[in-house]
Amino acid sequence: MPRIPHSPGGTQATFGQRGPDRPTQFNPETRGLTAGLEARADAARVIGGTVVELGRQRREEDDALARARAENALADDAVQVQTITTDIQSRIADGSLPWDKASDEFQDRVGQLDSPKPSDLDAPDVERFTGRLRRNRMESEAVVSNLALSGKRAEMKGQVSSLRDRLAKLASDPNADLGKIVAGGEGLRDLAAAGGVAANFDKDQRDFSDRVYSDNAKARLISGHDDLDALTQLEQDLTSDDGRYAGKLDADKTNALLSQVVTAKSRLEAKAAHEADRGEAAADRTLTQFRQQVATGVSAPLDTVNTWTETMRRGTPEQQAEFKDLLRGEAELQAVLNQPPDVQRAYLQTLQARVTREGATVGEQANLKRMEGAVESNLRALRQEPLVFNANRTGIETQPLDLQSLMDGDVSKVQAQIQARMVTLQTLRKQYGSEAGSAPLLPQEASALASRLTKMDTRGAAKLFGTLNRTIGDPDAYQAAIQQLAPDSPVRALAGRYYALQRANGVPDGAVTSTSVKGEFGDVAMYLLKGEALLNPTKTAQGEDGKDAAFPMPPAQKLSQIVAATVAQAFAGRPQEFETAVQAIRAYYAARSAEVGDVKGTLNNTRLALSVRAVVGEKARFEGRDVIAPWGMSEAEFRDKADEYVQARLKSAKREDPGDVTLLNARGRPDVYLLVRGIEPLYDQKGVPLAFRMRGVQ
């Protein structure tokens, strides 16, 4: 309890003030009693004042606290209402809330808020609180109403723009009623005013009218681009005082359209003036295309021939006569191309003899040249791409192989296709004889496999060879398939050939065996694959000079010279095959060197001689000329058999032995030998070169 201060004279003071001085009366008898009573009275008065003051302060604090709570309640309510307002604004903007639903949305969501009811406010404060709460909500409601109004105006503005666009599209009809379309745009004035865009309406309407007439003129220009009468009428409507566009378009747009109209008219007039020349030129192009088609040996589709026939009706009489001659010659040629190769050659010889004997016009000479090209192209396709040849002749396309399954070793998915191809190849050989090739792959398949083969490791390549060998099941067709891979990967293709030859008796895939042909050679195919990987690394570490670190080898030129000195004569006329052999010898040499740990790079003559024999085979001398015996056959065995084969072939051709008959290895056909005297080949009675095939590994 606070102490009551006393005056220095002992007089009692009020809380916070000093009272007036009073005279002191001294009564010895009552002095003590009087002094005590007065002191107690003063204390009571002070205490009472303090209590009153404390009560007043408490009421003020309670009122302040109540007002603070009310302020917080108003702030919370304002935040909630503002959140609702902001959300509605965002949803109107992104279109998820229609503008005409905004006010209802606001009322519904605000109505779900708990209305603040602060206590302990006096009546005036309650009235002020209620007024501020109502005012805050009304202000937010006004904001939402304005948003809705803005949305309404935006929609109405969009409606005006959209309706104008729809009306303008009608002008793209060359026969549209332009006045009616422009009037329809004028009818949007009230809607524009309601949308708050009336201020620019007159300008927008003028632009709209200009667009309508301009678009209509452009539409007429496009639709009448090839119609001289339509273009002439459009020109009049653009230039005449009473034309459709008089006073409707500004000078720049009129001149731009008029320039295009004049240009289009000039083009049509020139076209009409030179129609005869154009017909002659078109006929000349058709004749060129027909000549080129004849030279391929493949008939043009019937629809194409019909198109050419229609075009030729516009040509000159001379062109039409040549076209008829080509048609007759094409029919005759197709009949010949379906005959065996010897019949095709005889047909050409007859034509050539007639020209030599009787002479020929320039046209007849050109026709003979086309015929020669067609027959040669036809026979080349028969030898090299028999499946393509068959498709050209019969129209039956060969379905592409599932190459991924083939490379994955899944034979089941391609077995039926391969077998169907083998039937086709057998049919071709029966129809066209031995000149029909055995290649079982389409050109695009061979290219894809060759490309993948160059990126495979040794095991992958061996797996592919094994899959092809098992799937094809025919030695000749397999060798032809490998030959198809040769242009892009000659060493690996050669490895593929030897792979099948050494496994003819079931040697397991990938085995290096001493029981294979010429046991000292080992598994030649695997050596070639491993050596090729050593000499042409694709994923090895980089050397210091930034190049792939390849296996150390003797100088390539020196090695090539030694090989040439050994077998070059046997490769006479076959330079590309000699180069492939040299590459394969280097690969085999590298693999054998790596096998014994020889990384010095110096030449080992014994190993090189072994490499030559392993890759090329045995060199044999026959009637004064070096030839290569079939791979896997010894020189002695070849010499014993060669003369028998020569005599048998001469007898079958019904030719006397002219003497001095020797042999040449046929180009690109392993184990096939041509009969020659000196350098001149011998022919049978049909003009076919005499040759025979002698197999090595059986």
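## An exposed loop

At 69% relative accessibility, K654 counts as exposed, because the cut-off for that class is over 50%. This value, like the others here, comes from a predicted model. K654 sits in the loop that runs between helix α25 (635-652) and strand β3 (662-665). Its phi is positive, at about 60°, although K654 is not a glycine.

D660 is placed in the loop between α25 and β3 as well. Here phi is near 55°, again a positive value in a residue other than glycine. D660 has a relative accessible area of 64% and is exposed. For context, most residues other than glycine have a negative phi.

## The chain as a whole

The protein chain has 25 helices and 6 strands. It has 698 residues, of which 38% count as buried. Among contacts in the chain with a separation of 6 or more, 63% are between residues 24 or more positions apart.

## Aromatic pairs

A pair of aromatic rings is described by the distance of the centres and the angle of the planes. With ring centres required to lie within 6.5 Å, the count comes to 11 aromatic pairs. One of them is formed by Y213 and Y245: the ring centres are 6.4 Å apart and the planes stand at 90°, so the pair is edge-to-face. The two residues are 32 positions apart and link distant parts of the chain. Y213 belongs to helix α6 (residues 201-223), while Y245 is in the loop between α7 (228-239) and α8 (251-273). Y213 has a relative accessibility of 7% and counts as buried. Y245, at 2%, counts as buried too.

F571 and F578 form an edge-to-face pair, with 5.7 Å from centre to centre and 70° between the planes. Both of these phenylalanines are buried. Elsewhere, ring pairs join F638, Y645, Y673 and F692 into a cluster. Another ring, that of Y589, has a charged residue over its face: R607 lies 5.6 Å from the ring centre.

## Two packed helices

Helix α10 (residues 302-312) packs with helix α11 (residues 317-337) at an angle of about 160°, and the axes are 10 Å apart. That angle makes α10 roughly antiparallel to α11, because angles over 145 degrees fall in that class. The crossing of the two helices is left-handed.

Which residues of α10 and α11 meet? On the α10 side they are V305, W308, T309 and M312. On the α11 side they are Q319, Q320, F323 and L327.

S103 is part of helix α2, which covers residues 102-111. Is S103 buried, partly exposed or exposed? Its relative accessible area is 31%, so S103 is partly exposed.

Apart from its neighbours within four places in sequence, S103 is in contact with V144 and S145. S103 and S145 are 42 residues apart in sequence, and their C-alpha atoms are 6.3 Å apart in space.

Conventions. Residues are numbered from 1 along each chain as its sequence is written. This is a predicted model: local features need pLDDT of at least 70, side-chain atom pairs count only at pLDDT 80 or more; totals for chains, interfaces and linings use all residues. Side-chain values use heavy atoms; hydrogens and water are left out. Rings of Phe, Tyr and Trp (its six-membered ring) pair if their centres lie within 6.5 Å; planes under 30 degrees apart count as stacked, over 60 as edge-to-face and the rest as tilted. Helices (H or I, at least four residues) and strands (E, at least two) are DSSP runs, numbered from the N terminus. Buried means under 20% relative accessible area, exposed over 50%, partly exposed in between (1.4 Å probe, protein chains only). A charge sits over a ring if NZ of Lys or CZ of Arg is within 6 Å of the ring centre and within 35 degrees of the ring normal. Axes are lines fitted to C-alpha atoms, for helices over the stretch in contact, and angles run from 0 to 180 degrees between N-to-C directions. Angles under 35 degrees count as roughly parallel, over 145 as roughly antiparallel, 65 to 115 as roughly perpendicular and the rest as oblique. A crossing is left-handed if the near helix is turned anticlockwise from the far one by less than a right angle, and right-handed if clockwise. Contact means heavy atoms within 4.5 Å.
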